[in-house]
Amino acid sequence: FWVPVLRSRTFWLRDEYVDLSLVTMARAEAAVREDRLITKAEAISRIRAPEWLRDEIRKRRAGHRPRTRPTRRARVARDVTAGLIRELLG
């Protein structure tokens, strides 16, 4: 699912997809490397993104709106997702 989506620019501008991609990648990494499933909360703490983005995801889960520009969030989330896909499939 995620590989073709990496080509889309508009997909990444939606906050819920930024959150979903990063949480999914953290959970996939734990499943592949540790052979275990982790909670969303644990996945958020393990996301390989700057702390400001992990913090925004936590706040969004609590009902708050992100403060960072959507284009910045999109760029970071897309780059993190692409890098982890390459690493896990490589």
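So, aromatic rings to start: the count comes to six aromatic pairs, where a pair means rings of Phe, Tyr or Trp (its six-membered ring) with centres within 6.5 Å, and planes under 30 degrees apart are called stacked, over 60 edge-to-face and the rest tilted. Before I go on, this is a predicted model, where local features need pLDDT of at least 70 and side-chain atom pairs count only at pLDDT 80 or more, while totals for chains, interfaces and linings use all residues. Residues are numbered from 1 along each chain as its sequence is written, and side-chain values use heavy atoms, with hydrogens and water left out.

Okay, back to the rings. Take W2 and W12: the ring centres are 6.1 Å apart and the planes sit at 40 degrees, so we call this pair tilted. What does the pair tie together? W2 lies in helix α1 (residues 2-5) and W12 in the loop between α1 and α2, so the pair links parts that are 10 residues apart in sequence. When I say helix, I mean a DSSP run of H or I with at least four residues, numbered from the N terminus (strands would be E, at least two).

Are W2 and W12 buried or exposed? W2 is buried, with a relative accessible area of 11%, and W12 is buried too, at 1%. For the cut-offs, buried is under 20% relative accessible area, exposed is over 50%, and partly exposed is in between, with a 1.4 Å probe and protein chains only.

W12 also pairs with F11, and this one is edge-to-face, with 5.3 Å centre to centre and 75 degrees between the planes. F11 and W12 are both buried. F1 sits in the segment before α1 and is exposed, with a relative accessible area of 67%. If you look for F1 and L84, they are 83 residues apart in sequence, and their C-alpha atoms are 14 Å apart in space.

Now the helices. Two packed helices are described by the angle between their axes and the distance between the axes. Here the axes are lines fitted to C-alpha atoms, over the stretch in contact for helices, and angles run from 0 to 180 degrees between N-to-C directions.

Let's begin with α2 and α5. The axes of α2 and α5 (residues 70-89) come within 10 Å and cross at roughly 20 degrees. That is why α2 and α5 count as roughly parallel: the label covers angles under 35 degrees, with over 145 roughly antiparallel, 65 to 115 roughly perpendicular and the rest oblique. Which residues make the contact between α2 and α5? From α2 we have D15, V18, D19, S21, L22, M25, A26, A28, E29, V32 and R33, and from α5 there are R73, A74, A77, V80, T81, L84, I85, E87 and L88. Contact here means heavy atoms within 4.5 Å. By class, the contact of α2 with α5 has 12 nonpolar, two polar and six charged residues. Nonpolar is Ala, Val, Leu, Ile, Met, Phe, Trp, Tyr, Cys and Pro, charged is Asp, Glu, Lys and Arg, and polar is the others, Gly among them.

Next up, α4 and α5. The axes of α4 (residues 51-61) and α5 come within 11 Å and cross at roughly 110 degrees, and that makes α4 roughly perpendicular to α5. The contact is made by W52, L53, E56 and R60 of α4 and R72, R73, V76 and A77 of α5. It divides into four nonpolar, no polar and four charged residues.

And then α2 with α4. These pack at about 115 degrees, with their axes 11 Å apart, so α2 is roughly perpendicular to α4. On the α2 side the contact uses D15, E16, V18, D19 and L22, and on the α4 side L53, I57 and R60. Those residues divide into four nonpolar, no polar and four charged.

Last stop, the loop between α2 and α3. D35 lies in that loop and is exposed, at 72% relative accessible area. Most residues other than glycine have a negative phi. Phi of D35, though, is near 55 degrees, a positive value in a residue other than glycine. L37 is also in the loop between α2 (15-34) and α3 (40-46), and L37 is exposed, at 77%. L37 and R27 are 10 residues apart along the chain, with C-alpha atoms 6.7 Å apart.
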